[in-house]
Amino acid sequence: MDVRDRLSGNMRRLRRSKDWSQEELAHQSGIHRTYISDLERGARNPTIEVVDKIAVALGVPCGELLD
């Protein structure tokens, strides 16, 4: 499993555990909803800054998104 697959799966799992839509995660992280969708599909390679924004929004360390 490559890092994009791990990121997308962990994002989806954590987002759903909060019962958030992609739109809510986008709002909480300050990232556009379509970009969140692309990340969850593994279609984009985010910068570490984007990963950090998502981690902060989800309340987890960055590493948890990549494990």
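A residue counts as buried when its relative accessible area is under 20%, as exposed when that area is over 50%, and as partly exposed in between, using a 1.4 Å probe and protein chains only. By that rule, buried residues make up 39% of the 67 residues in the chain. This is a predicted model, in which local features need pLDDT of at least 70 and side-chain atom pairs count only at pLDDT 80 or more, while totals for chains, interfaces and linings use all residues. Residues are numbered from 1 along each chain as its sequence is written, and side-chain values use heavy atoms, with hydrogens and water left out.

**Overall build**

- The chain has 5 helices and 0 strands, where helices (H or I, at least four residues) and strands (E, at least two) are DSSP runs numbered from the N terminus.
- Along the sequence the pattern reads α-α-α-α-α.
- Along the principal axes, the C-alpha atoms fill a box of roughly 25 × 20 × 20 Å.
- Of the contacts in the chain with a separation of 6 or more, 55% are between residues 24 or more positions apart; contact means heavy atoms within 4.5 Å.

**Helix α3 and its cover**

- Helix α3 (residues 33-40) is largely enclosed by the rest of the structure, because 6 of its 8 residues are buried.
- The buried residues of α3 are Y35, I36, S37, D38, L39 and E40.
- Their cover includes α1 (3-17), α2 and α4.
- Just after α3, G42 takes a positive phi of about 75°.

**Packing of α1 with α3**

- Two packed helices are described by the angle between their axes and the distance between the axes.
- For α1 and α3 the angle is about 120° and the axes are 8 Å apart; axes are lines fitted to C-alpha atoms, for helices over the stretch in contact, and angles run from 0 to 180 degrees between N-to-C directions.
- The two helices α1 and α3 are therefore oblique to each other; angles under 35 degrees count as roughly parallel, over 145 as roughly antiparallel, 65 to 115 as roughly perpendicular and the rest as oblique.
- S8, M11, R12 and R15 of α1 meet I36, L39 and E40 of α3.
- These contact residues divide into 3 nonpolar, 1 polar and 3 charged, with Ala, Val, Leu, Ile, Met, Phe, Trp, Tyr, Cys and Pro counted as nonpolar, Asp, Glu, Lys and Arg as charged, and the others, Gly among them, as polar.
- G9 lies in α1 and counts as partly exposed at 29% relative accessibility.
- G9 and L39 are 30 residues apart along the chain, with their C-alpha atoms separated by 9.5 Å.

**Packing of α2 with α4**

- The axes of α2 (residues 22-29) and α4 (residues 48-58) come within 8 Å and cross at roughly 105°.
- Helices α2 and α4 are therefore roughly perpendicular to each other.
- L25, Q28 and S29 of α2 make this contact with K53, I54, A57 and L58 of α4.
- K53, in helix α4, counts as partly exposed at 43% relative accessibility.
- Leaving aside neighbours within four places in sequence, K53 is in contact with S29 and I31.
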